[in-house]
Amino acid sequence: MDIEEEIRSLQLDSTEDEQSNGLLTDKGNQEAESVDRMEEDAKEVEVEPLPVKTEQKVPQPIEKPVEKVEEKKKRHLNVVFIGHVDAGKSTTGGQILFLSGQVDDRTIQKYEKEAKDKSRESWYMAYIMDTNEEERVKGKTVEVGRAYFETETTRFTILDAPGHKSYVPNMISGASQADIGVLVISARKGEFETGYERGGQTREHVQLAKTLGVSKLLVVVNKMDDPTVNWSKERYDEIESKMIPFLRSSGYNVKKDVLFLPISGLVGSNMKTRVDQKVCPWWSGPCLFEALDGIQVPPRDPNGPFRLPIIDKFKDMGTVVMGKVESGSVSEGDGVLVMPNKAHVKVIAIFCDEDRALCAGPGENLRVRLSGIEEEDILSGFVLCSVAKPISAVSEFTAQLQILELLENAIFTAGYKAVLHIHSVVEECEIVEILQQIDLKTKKPMKKKVLFVKNGAIVVCRVQVNNLICVEKFSDFPQLGRFTLRTEGKTVAVGKVMDLIPSNASSSAA
């Protein structure tokens, strides 16, 4: 396959039905087929929307200026770097910033000296992304690093997710904001195997990325310059052959939504320019920058109801919130709503990347300065939304769940407790009732009521949380309606919100 075909295949619309992938197998692909069935079932459920009181005194968002500004801008993509610990995610991200001119030689020399003083000579590129002292001392990314760079056609926001299993909740936060994923795999002898084996973060990160809506993957086989690899085609082919079946079983259409390529993040080979044929004579595909430029922007609706899940907040000449616009547009001067506490606020300033903007549309990572609310009255997981069509706030909902792998001796039944991750919300939850089990063969609900289920089962159940949370039905807003359940540091289930259950608490919340 030549370069043009590879790029064209990667550009196909991410909304194309993934069930058309005829390469899925029965056992290995139960999860992929189940997730697809969940999408179909979620669409079939028709529930009247919750009544929401609105106040007319606050002006609605102004949308016209957004189109004028966006015409002048490059397209924008959010890229999350995922993979096992020590695969080279931060180093690759740092190298991208250096190659795109975001970091100068003097800064690189400073980081090189700092890394050498810590006897960590090969970590200096990672210091560009790993900015706090804890990360530099441990050599592990803890928080989701954020940076920006541009190519001739595209503005990119890099989200550098931690690879260590202790920080998977932070990885979930990063992946939930992403449009596409770069899965970094180490080709070094033994390192790929460690990440790929049962319990390795390569597997969990792929499954989480798919669940969280990352529909396109660039799989970069890193450390190809390592002495144990030496740009070996055999090693590259071995990794590719093992990853492809797993990616399929996780729900990815490998032919249309995945592209493999070899790189060296430390020295920058096959990143901004194609690798020298003398170094790697067998590779004729694109370099990383070309592959990123070739990815199509996912469909977005700038005229939909405004939704910005808040991932962080701080004080800076007022209250500032951070997050990614999932739907709609926002302009300076707009009156908007903070949910679930129904606080009417005004947008004082918008910052996109590092620059101030008059307005911004979907897909943009923003810092928004607000008036009318104190910083302590906002929590991560709250949502900035339009006044005319605010997001629903509930403490209970109906969901379709795919059980992945429960902890040993655990039984999934009414009363089962876990930690719910949905967009930027992290809340303890409880399964109130299993309503029905879906037959995996017929894809229809079983007539017999079940009290408990095992690994691999798909169930429809009622989920309850302690506090009001902002969620949407998956059929209306996929990014705000898909979630994971985790217990004791392990992802045990993935699901989609099918219906919102009104409660006395949600209807009387101030």
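F483 counts as buried, because its relative accessibility is 0% and the cut-off for burial is under 20%. This value, like those that follow, comes from a predicted model. Burial extends well beyond this residue: of the 510 residues in the protein, 56% are buried.

The protein contains 13 helices and 23 strands. Among contacts between residues at least 6 apart, 74% join residues at least 24 apart.

The average pLDDT is 80, and 77% of the residues score at least 70. Over residues 10-72, the pLDDT falls below 50. In the model, this stretch still has 121 contacts beyond near neighbours in sequence. Residues 505-510 also have a pLDDT below 50. Here, 12 contacts reach beyond near neighbours in sequence.

Helix α7 spans residues 168-175, and its buried residues are V168, M171, I172, G174 and A175. Viewed down the helix axis, these buried residues fall within an arc of 160 degrees, so they line one face of α7. The cover over them comes from several elements. Among the strands that contribute are β1 (75-82), β3 (154-160), β18 (417-422) and β22 (482-487). Helix α9 (201-211) is also part of the cover.

Aromatic rings were searched across the whole structure, and 9 pairs were found. In one of them, the rings of F149 and F156 have centres 4.9 Å apart and planes at 15 degrees. The pair therefore counts as stacked, because the planes are under 30 degrees apart. Both partners are buried: F149 has a relative accessibility of 2%, and F156 has a relative accessible area of 1%. A second pair, F397 with F483, is edge-to-face. Its ring centres lie 5.7 Å apart, with 70 degrees between the planes. F397 belongs to strand β16 (residues 392-403) and F483 to strand β22, so the pair ties together parts 86 residues apart in sequence. F397 is buried at 0% relative accessibility, as is F483 at 0%. Ring pairs also build a cluster, which links F149, F156 and F289.

Lysine side chains meet aromatic rings at two sites described here. The charged end of K496 sits over the ring of F474, at 3.8 Å from the ring centre. The charged end of K210 sits over the ring of Y252, and here the distance to the ring centre is 4.9 Å.

M339 and P340 are joined by a cis peptide bond, with omega at about 15 degrees. P340 sits in the loop between β10 (335-339) and β11 (343-352). N230 is not a glycine, yet its phi is positive, near 55 degrees. This residue lies between β5 (216-222) and α10 (233-249), in a loop. N230 is exposed, with a relative accessible area of 58%. E488 is likewise no glycine, and has a positive phi of about 50 degrees. The loop that holds E488 runs between β22 and β23 (490-500). E488 counts as exposed, because its relative accessibility is 73% and the cut-off for exposure is over 50%.

Notes: Residues are numbered from 1 along each chain as its sequence is written. Side-chain values use heavy atoms; hydrogens and water are left out. Buried means under 20% relative accessible area, exposed over 50%, partly exposed in between (1.4 Å probe, protein chains only). Helices (H or I, at least four residues) and strands (E, at least two) are DSSP runs, numbered from the N terminus. The arc is that of the directions from the helix axis to the C-beta atoms. Contact means heavy atoms within 4.5 Å. Rings of Phe, Tyr and Trp (its six-membered ring) pair if their centres lie within 6.5 Å; planes under 30 degrees apart count as stacked, over 60 as edge-to-face and the rest as tilted. A charge sits over a ring if NZ of Lys or CZ of Arg is within 6 Å of the ring centre and within 35 degrees of the ring normal. pLDDT is the predictor's confidence in each residue, from 0 to 100.
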